[in-house]
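Hi,

Here is the structure I promised to pass on. Have a look at it first, and then read my notes below.

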Amino acid sequence: MPLETYRILLVEDNPGDARLVREYLKDAAVFRADLAHAERLSDAQRMLGTDRFDVVLLDLSLPDSKGLGTIVGAKEHARGIPIVVLTGLDDEELAIRALHEGAQDYLVKGRMDGSSVSRAIRYAIERHRLRQELQAETARRKTPASCRYSRIRRASPGLSSTSRI
């Protein structure tokens, strides 16, 4: 079975960290990575507006954005694309706050390896897909039965309002 290809936007200003992530993704045996790279949040925002991505790997310390505001700035343009935070800060409180801001996962650069990066990407994409399905199902269930019945009747002109057995 062929490997799935994920389109990934890496937002990282440190060339060494970017190279390391590239190597981790190259070694990922569970998917192929089609990687695009931006060094600034503003560049990432522009790319998110024009290209399609499956996931964003986002450093929280960029030349034009620092901290949790980086997540907010990325989310504004990511149109629901899952975001995985990559940071050098091993701070549990910041990690929780990042999740509250909308990140799907939080990876500490000094503790990452190919397995943890590829797992975070796969899980973020899958959680995002499941969330979308749940939201669609919830919206469908909120539609009143009478509205659903009316749509069925309009779609089936031969259906009468009363039926005989």
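Before anything else, a word on naming: helices (H or I, at least four residues) and strands (E, at least two) are DSSP runs, numbered from the N terminus. Residues are numbered from 1 along each chain as its sequence is written, and side-chain values use heavy atoms, with hydrogens and water left out. Please keep in mind that this is a predicted model, where local features need pLDDT of at least 70 and side-chain atom pairs count only at pLDDT 80 or more, while totals for chains, interfaces and linings use all residues.

Let's start with Leu107, which sits in strand 7 (residues 105-108). Leu107 counts as buried because its relative accessible area is 11%; buried means under 20%, exposed over 50% and partly exposed in between (1.4 Å probe, protein chains only). Contact here means heavy atoms within 4.5 Å. Setting aside neighbours within four places in sequence, Leu107 is in contact with Val84, Val85, Leu86, Thr87, Met112, Ser116, Val117 and Ala120. Leu57 is 50 residues away from Leu107 in sequence, and the two are 9.6 Å apart in space, C-alpha to C-alpha.

One of those contacts, Thr87, belongs to strand 6. Is Thr87 buried or exposed? With 3% relative accessibility, Thr87 is buried. Not counting residues up to four places away in sequence, Thr87 touches Asp59, Leu60, Tyr106, Leu107, Val108 and Lys109. Its side chain also makes a polar contact (a pair of N or O atoms within 3.5 Å; within protein, one must be able to donate a hydrogen and the other to accept it, and residues adjacent in sequence count only if both atoms are side-chain atoms).

Now to His37, in strand 2. His37 is partly exposed, since its relative accessible area is 27%. The His37 side chain reaches the backbone oxygen of Glu12 at 2.7 Å. Again leaving out residues up to four places away in sequence, His37 touches Leu9, Leu10, Glu12, Ala18, Arg22 and Met47. Val11 and His37 are 26 residues apart in sequence, but 5.9 Å apart in space, C-alpha to C-alpha.

How many aromatic pairs turn up in the whole structure? The search finds 1, where rings of Phe, Tyr and Trp (its six-membered ring) pair if their centres lie within 6.5 Å, and planes under 30 degrees apart count as stacked, over 60 as edge-to-face and the rest as tilted. Tyr6 and Phe31 form that pair, which is tilted, at 4.9 Å centre to centre and 50° between the planes. The pair links distant parts of the chain, with Tyr6 in strand 1 (residues 5-11) and Phe31 in the loop between helix 1 (15-26) and strand 2 (32-38), 25 residues apart. Tyr6 is buried at 11% relative accessible area, and Phe31 is buried at 1%.

Last stop, helix 3. Its buried residues include Thr70, Ile71, Gly73, Ala74 and Ala78. These cover an arc of only 165° around the axis, so they lie on the same side of helix 3; the arc is that of the directions from the helix axis to the C-beta atoms. Among the elements covering the buried residues of helix 3 are helix 2 (41-50), strand 6 and helix 4 (92-100).

After helix 3 comes Arg79, with a positive phi near 45°. Most residues other than glycine have a negative phi. Arg79 is in the loop between helix 3 (69-78) and strand 6 (83-87), and counts as exposed because its relative accessibility is 54%.

Cheers
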